[in-house]
Amino acid sequence: MSPRHKLLVALLTAALLLAACGGGEEEAAPQASGGASGGSESAVEVSGPLFAFGFGYQSGDEIAKVRIDRFREEFPDARVTFSESGFEEQPFLSALASGEPPDMVNMSRNTIGTFIARGVLAPLDDCIAQEGIDMGVFYESALAQVTVDGTVYALPEFLNSRIWILSNPAFEEAGLDPQNIDLSDWEAIADANEQLTKRNGNRLNRIGIDPKLPEFLPLWSWANDTPMISEDGLTSQLEAPGVAEALEFSNSLHEPAGGRTQFLDFRDTWDFFGEKNQFAADQLAANPYEQWYLNVLADVSPDVDITVRPFETRGGEPFTWSDGNAWAIPAEASNPEAACAFIATMTNAETWIEAAEVRTRNRNRDNEPNLGVYTANREADEVIFEDLNLGEWPNFEQAVQTVLEVQENGLSIPPSPAAAQYEEAWISAVNEVMTGGGEPAAALQAADQEAQEAIDAAAR
Amino acid sequence: MAIRSSDPQQQTSGGQDGGPRAPQRRLTGSQRETLWAVVFLSPWIIGFLIFMAGPMLWSLWLSFTDYDPLVPNTNFIGIENYQEMVSDPNVRISLWNTVFFTIFNVPGTIIIGLVLALLLDRIGRAAGFFRTAFYLPNITPAVAVGALFLLLLNGRDGILNQVLRSVGLPGPSWLNDPAWIKPGIILMMLWSVGSTVIIYFAALRNVPQVLYEAARVDGANAWQQFRSVTVPMISGAIFFTLIINTIASLQLFTEVYAMFFGSQQSGAAGEAALFYVIYLFRNAFEFFNMGYASAMAWLLFAVIGVITFVQVKTSKRWVYYEGGE
């Protein structure tokens, strides 16, 4: 290239850079964030395009719409757009690899540790200061999932809790009291399972208790006082005898149904989201499940007769396994201040309360039970659930109260640098045991080795 | 690319110095045709180099590294990924599942495809409707096929088991019993036999009727006509479907992923549905072991290459090409 050409290229590059820098000048004067979005003391520029990945925004979702509308109203110069689907690794990797990361990302708190360990997500220290966010309002179990070495990397959004859902008619038919059955006593659970299971010859007509394996093994393991991973997420504890014992017991709950295949074949036929769901159709007596399913039941079969109880340790302590999504900002995001204002708005108490009020109005208008919105923001929950009126649906009133009480005792899986591989390892072990391919202790020991190798490699 | 003129005057004109020039070789008609063919193919060739060969070579390089797309540093680790594959039980399991599936799916597709094509060939004017009907599964989205077969193959109330029970047979648990998961997947994939049927049907229409007439004159019965006339005359089509169905079977992914690994994150099928490309995908995009996944991709490439080479070599014994040597 001749000197003349080099000069030309340099000038062209400079011109392009100037043009790029000058683009924002056409925007209206920047607004200061803060106020309703969290009470920031510092004024920062909140403008320009913002792309949110993993949110899959649909305007039919009132809880999402109200919060987004609020951000748009407060910061009209920020033009926020959304990916069409929920979080998926493949397009997220493509965006990162192409040097065009999204401005903010919504992902599961169970796998966020993988991205934190690799430096993909920015620490939120500056963001928390910018927006004046009080991190104390978030539930501890949620905050623990997004905090590594004392640094917060994401703002928790929803709070998902696991509780027991029991079918009152099924329990009454079996002569059991759903309010008083001792759910900390595994022998009592096994006996109840026998009594609640209904068969007609070889045909299974009702599952007594669905242990929700393999995915709920952590719940059973916590109930047996044995966390499956260390608090720092760096040491797999799958080989602990308490985990194997929890697996052995929970897997044994398939037996009265005639074994795992009959159990699963029957479960696969359920109209899970429909009017003839497993509780309405008397196909299931009890299972531990995420609390969002109560919203499904309230929607499709509001008169279903259920009791909700907290999961309990074998020592009788109520607890729940909490998780959910979180909002984070990629380290290479191009508009981090505006992204910060967005994620703060999406998770602050005022916005949640406003969204919940809209839902309440909509449900009241349609005369449908309103079970509230389970956020990771305790301050928001206190207001949202204070005025909840479920007098017409006492079954759900009791359910909501149970969820609210137990979510204060939430346990969560700590952020691990190899979250997906760790999960894959224990799920494979559970499947091996469920399909009769191995003994719990041996399968979990192999899984433990596999998981630890993956964690060590990722941590390096 | 310069294309030499075929004008004799231009080709024999002198050089700038006016001295004698070395005689220039004139392109033959065949060479000119080849040259033009290359010119017209060049868009594809350039696309292939940029979008296929380039990424392939890049992935070959990645297979010798510990590349993680989320980590800035990539280290050359020699053949460690390949060594790890030898000791990785999931590679063995997924490879076996894939080979098992291929062994049954490819002959099944060929046999059923041929039977259906023979029927189509005989039913005359109604063939058009059935051609469309047989081909419809091929244009059904793979994820929809997976979802559909979750219903059809349900061990309790699925249509298949209802039919089996109606004739007194106990229906197995196609989706949850590890012993029956692969047969269930084979059944599902045989449903999409339509493209093979169409290829055979076209090949059957090209078999000269005079050969059948001669065979009948010689006293050949239907089976003998099929064996000695039909099969040799469509052996080229059979060979083609053998190759493409083998490759497709070894790369099975979407339907099985949708059935057992997509929304059904619990992976209730366990290892029975862990096919090679699924494990490769999970390594690449869920575990971020892109270097290892690249090594797995090259192993699959080698396996496909060897199988295809054997198929091509053995084809000389049984594939008949009209006008061939």
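Is Arg282(B) buried or exposed? I looked this up before anything else. Arg282(B) is buried, because its relative accessible area is 11%, and the cut-off for buried is under 20%. I note here that this is a predicted model.

**Entry: the Arg282(B) partner**

I followed the side chain of Arg282(B) to Glu286(B). The two meet in a salt bridge, at 2.9 Å from N to O. Both sit in helix H14 of chain B, which covers residues 276-286. They are four residues apart there, so about one helical turn separates them.

**Entry: salt bridges elsewhere**

I searched the whole structure for such pairs. The search gave 26 salt bridges over all chains. As background, side chains of opposite charge can pair when their charged atoms come close.

I picked Glu290(A) next. Glu290(A) forms a salt bridge with Arg162(A), and their closest N and O atoms are 3.6 Å apart. Glu290(A) lies in strand S10 (residues 284-290) of chain A, and Arg162(A) lies in strand S7 (residues 160-167) of chain A, so the pair ties together parts 128 residues apart in sequence. Glu290(A) and Arg162(A) are both buried.

Then I took Arg206(A). Its salt bridge is with Glu173(A), with 3.5 Å between the closest N and O atoms. Arg206(A) is in strand S9 (residues 203-209) of chain A and Glu173(A) is in helix H7 (residues 168-173) of chain A, so this pair ties together parts 33 residues apart in sequence. Arg206(A) is buried, because its relative accessible area is 2%.

I also noted a network. Salt bridges link Arg70(A), Glu74(A), Glu350(A) and Glu354(A).

**Entry: nonpolar cores**

Which residues touch the most other members of the largest nonpolar core? I found Leu121(A), Phe342(A) and Ile185(B). This core has 95 residues. Its largest share is eight residues, from helix H13 (residues 336-347) of chain A. There is also a second, separate core of 52 residues. Trp222(A), Leu238(A), Leu247(A) and Ala458(A) are among its members. In general, nonpolar side chains in soluble globular proteins tend to be buried together.

I listed the contacts of Ile185(B), leaving out residues up to four places away in sequence. Ile185(B) touches Phe101(B), Leu252(B), Val256(B), Phe260(B), Ala273(B) and Phe275(B).

**Entry: chain B overall**

I counted the elements of chain B. Chain B has 15 helices and zero strands. Of its 325 residues, 40% are buried. I looked at contacts in chain B between residues at least 6 apart in sequence. Of these, 66% join residues at least 24 apart. Chain B exposes about 18,400 Å², and carbon and sulfur atoms supply 66% of that area.

**Entry: a surface patch on chain B**

I looked for nonpolar surface and found a patch of about 1,000 Å². Its members include Val38(B), Leu41(B), Trp44(B), Phe48(B) and Met52(B). I checked Val38(B) on its own. Val38(B) is in helix H2 (residues 29-62) of chain B. Val38(B) is partly exposed, because its relative accessible area is 33%.

**Entry: two loop residues**

Where does Ser192(B) lie? I placed Ser192(B) in the loop between helix H8 (178-190) and helix H9 (194-205) of chain B. Ser192(B) counts as buried because its relative accessible area is 19%. Beyond residues up to four places away in sequence, Ser192(B) touches Pro137(B) and Asn138(B).

In chain A I looked at Pro101(A). Pro101(A) is in the loop between helix H3 (89-97) and strand S3 (104-108) of chain A. Pro101(A) is buried, with a relative accessible area of 14%. Pro101(A) and Ile329(A) are 228 residues apart in sequence, and their C-alpha atoms are 9.4 Å apart in space. Not counting residues up to four places away, Pro101(A) touches Ala95(A), Leu96(A), Pro330(A), Glu332(A) and Ala333(A).

**Entry: confidence in chain A**

I ended with the pLDDT of chain A. Chain A averages 88, and 91% of the residues score at least 70. Over residues 1-42 of chain A the pLDDT is below 50. Beyond near neighbours in sequence, that stretch has 52 contacts in the model.

Terms used: Residues numbered from 1 in each chain as written. Chains lettered and ligands numbered in written order. Predicted model: local features only at pLDDT ≥ 70, side-chain atom pairs only at ≥ 80, totals over all residues. Heavy atoms only, no water. Patch = residues over 30% accessible without salt bridge, like charges linked within 9 Å, V, L, I, M, F, W, Y side chains within 5 Å. Areas by Shrake-Rupley, 256 points an atom, 1.4 Å probe, with all protein chains shown as cover. Salt bridge = Lys/Arg side-chain N within 4 Å of Asp/Glu carboxyl O. Buried < 20%, exposed > 50% of the residue type's maximum accessible area, 1.4 Å probe, protein only. Contact = heavy atoms within 4.5 Å. Core = buried A, V, L, I, M, F, W, Y, C linked by side-chain atoms within 4.5 Å. pLDDT = per-residue confidence, 0-100.
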